[in-house]
Amino acid sequence: MDLVSPQNNPNDYPSRIVSSSTIATMATNNNNIISSSSNSSATATPNSSSTTMTPPPSTTPSRYENQKRRDWNTFCQYLRNHRPPLSLSMCSGVHVLEFLRYLDQFGKTKVHNQTCPFYGLPNPPAPCPCPLRQAWGSLDALIGRLRAAYEEHGGRSEGNPFGARAVRIYLREVRDFQAKARGVSYEKKRKRPKLKVPVPSSPQQQSSAPAPPTLADATAATSTI
């Protein structure tokens with residue numbers, strides 16, 4: 001076994017004697033360093049929070065977009081429940097007309113028949129057995145939303161079944177019939193053009209305008225001739 005001599009043992013080196021006053025001074029310096037570091041970290045915290053990027057507010061879909069999504073889901077559900085089931089690529093204007101007639105059973109607008117005594121009255125005095133239908137305005141807005149949703153889901157504009165000629169004719173017929181049956185008008189009111197009121201001229205413009213010829217000027221011109 002090797003022996004370690006006192007000269008080679010690192011634990012046997014003489015250490016410096018430190019007095020109690022030196023120890024107190026060192027403790028005070030350590031406390032000052034710790035307090036200064038805590039103050040610097042506290043002052044750095046507002047800067048770090050001020051530089052933090054706030055996330056952008058989430059954009060919520062509009063009321064129109066929500067209604068368009070619900071209408072599209074309803075139409076796709078109608079195609080799945082169709083017998084036989086229909087795919088979107090096989091859908092045509094005929095199927096759109098079937099869908100509009102299917103929605104009439106959920107309508108809330110009273111449409112009087114021609115044999116009804118209240119036909120053409122906007123405010124009937126008593127109830128009648130005439131059926132409830134979808135209002136023309138609701139159907140027209142529905143077709144507009146479905147037409148936009150069809151193209152958003154990859155459909156071609158030239159093959160859009162919601163823009164078919166048969167659908168436009170059907171909507172026009174529904175509008176005319178409901179206008180007569182309910183005694184209401186769906187014609188858009190044209191805005192009357194505003195009449196331009198002449199602005200009175202300022203006193204300076206009146207003074208700069210040439211004065212009308214007087215009787216003396218006319219007499220002088222006649223004598224000259």
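E65, K68 and E152 are linked in a network of salt bridges, a salt bridge being a side-chain nitrogen of Lys or Arg within 4 Å of a carboxyl oxygen of Asp or Glu. The model is predicted, so that local features need pLDDT of at least 70 and side-chain atom pairs count only at pLDDT 80 or more, while totals for chains, interfaces and linings use all residues. Residues are numbered from 1 along each chain as its sequence is written, and side-chain values use heavy atoms, with hydrogens and water left out.

Four salt bridges were found in a search of the whole structure. One of them joins the side chains of E65 and K68, with an N to O distance of 3.2 Å. Both residues belong to helix 2 (residues 63–81) and are three residues apart, about one turn of the helix; helices are DSSP runs of H or I with at least four residues, numbered from the N terminus. K68 also forms a salt bridge with E152, where the closest N and O atoms are 2.6 Å apart. This pair links distant parts of the chain, since E152 is in helix 4 (residues 136–152) and K68 in helix 2, 84 residues apart.

Accessibility was assigned by relative accessible area with a 1.4 Å probe on protein chains only: buried is under 20%, exposed over 50%, and partly exposed in between. K68 is buried, at 4%. E65 is partly exposed, at 32%, and E152 is exposed, at 52%.

A further salt bridge connects R145 and D71, whose closest N and O atoms are 2.5 Å apart. R145 in helix 4 and D71 in helix 2 are 74 residues apart, and the pair links distant parts of the chain. Both R145 and D71 are buried.

Definitions and conventions:
Helices (H or I, at least four residues) and strands (E, at least two) are DSSP runs, numbered from the N terminus.
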